[in-house]
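Below is what I looked up, entry by entry.

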Amino acid sequence: MINDEFENKIQEFITWLIGNGDSISTAERRARRIKTLKKYIDLDSPDMKKIYKYIETRERKGIKKKTLRIEMKDLEYWYRFNEFNVKLPTFKKEPAPEPFIPSDELIEKILKYCDSQPNKEIWLRNKLIIETFIFTGARIGELVNLNIDDLRDGNLFIRSEKNEKNRLVPLPDGLVNDLQKYIEHYRMQTDPRALFTSK
């Protein structure tokens with residue numbers, strides 16, 4: 001019964017987050033982290049000593065400050081949702097690492113490897129996922145949310161994950177043809193709508 005009450009409250013929290021500007025995927029990620037934090041922190045009554053102890057334990061385990069900053073931000077949202085007025089620890093933002101951009105040669109090598117694998121359900125899908133990232137600049141969450149119907153007359157409709165405008169991105173003919181071949185012959189039928197599926 002207690003678990004049911006907590007699950008109901010988590011669902012209300014997700015709705016509250018979305019109402020306050022979070023995307024669905026961000027709200028759901030925050031809710032998952034709150035469920036994890038419940039194992040270590042009393043969510044019903046803020047106890048700063050236990051929160052500091054939790055942070056110390058995590059730092060001793062080598063957890064990055066970025067992760068702790070995200071957890072404390074999510075906990076702050078949770079307490080605000082529950083109408084607790086609590087000032088939680090903050091962490092300085094670390095400089096972002098230089099993004100890894102693979103060379104054309106490395107991409108070609110990866111795509112050739114995908115082509116060489118016998119299981120097309122998995123490896124043609126993997127190759128098309130990589131090519132979709134390359135040609136559309138889609139974020140991971142945007143790619144996960146792609147549906148078959150989003151492939152439209154040589155374009156791919158992408159729903160923005162960051163409250164930006166949705167966009168229609170033109171695709172090269174070769175990629176369109178490979179996507180159609182994948183849909184018709186190799187796509188796993190585990191979801192009626194999703195473009196990229198797994199077992």
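**Ground rules.** I take helices from DSSP runs (H or I, at least four residues), with strands as E runs of at least two, numbered from the N terminus. The model is predicted, so I note that local features need pLDDT of at least 70 and side-chain atom pairs count only at pLDDT 80 or more, while totals for chains, interfaces and linings use all residues. Residue numbers start from 1 along each chain as its sequence is written, and side-chain values use heavy atoms, with hydrogens and water left out.

**Entry: Leu-175.** I found Leu-175 in helix α8, which covers residues 173-186. Is Leu-175 buried or exposed? Leu-175 is buried, at a relative accessible area of 4%. For that word I use under 20% relative accessible area, with exposed being over 50% and partly exposed in between (1.4 Å probe, protein chains only). Next I looked up what Leu-175 touches, leaving out residues up to four places away in sequence: Leu-128, Glu-131, Thr-132 and Phe-135. A contact here means heavy atoms within 4.5 Å. I also checked Ala-31, which sits 144 residues from Leu-175 along the chain; their C-alpha atoms are separated by 36 Å.

**Entry: salt bridges.** My rule is a side-chain nitrogen of Lys or Arg within 4 Å of a carboxyl oxygen of Asp or Glu. How many salt bridges does this rule give? The count comes to 15.

**Entry: Lys-35 and Glu-7.** These two side chains meet in a salt bridge, 3.2 Å from N to O. The pair links distant parts of the chain, as Lys-35 is in helix α2 (residues 24-37) and Glu-7 is in helix α1 (residues 2-19), 28 residues apart. I have Lys-35 down as partly exposed at 33% relative accessibility, and Glu-7 as partly exposed at 32%.

**Entry: Asp-74 and Arg-33.** I get 2.3 Å between the closest N and O atoms of this salt bridge. Asp-74 lies in helix α4 (residues 65-81) and Arg-33 in helix α2, so the pair ties together parts 41 residues apart in sequence. Asp-74 counts as buried, at 0% relative accessibility, whereas Arg-33 is partly exposed at 27%.

**Entry: Arg-152 and Asp-150.** Here the closest N and O atoms of the salt bridge are 3.8 Å apart. Arg-152 is partly exposed, with a relative accessible area of 36%, but Asp-150 is buried at 1%.

**Last entry: a network.** Which residues do salt bridges with shared partners join into one network? I wrote down Asp-22, Arg-30, Arg-33 and Asp-74.
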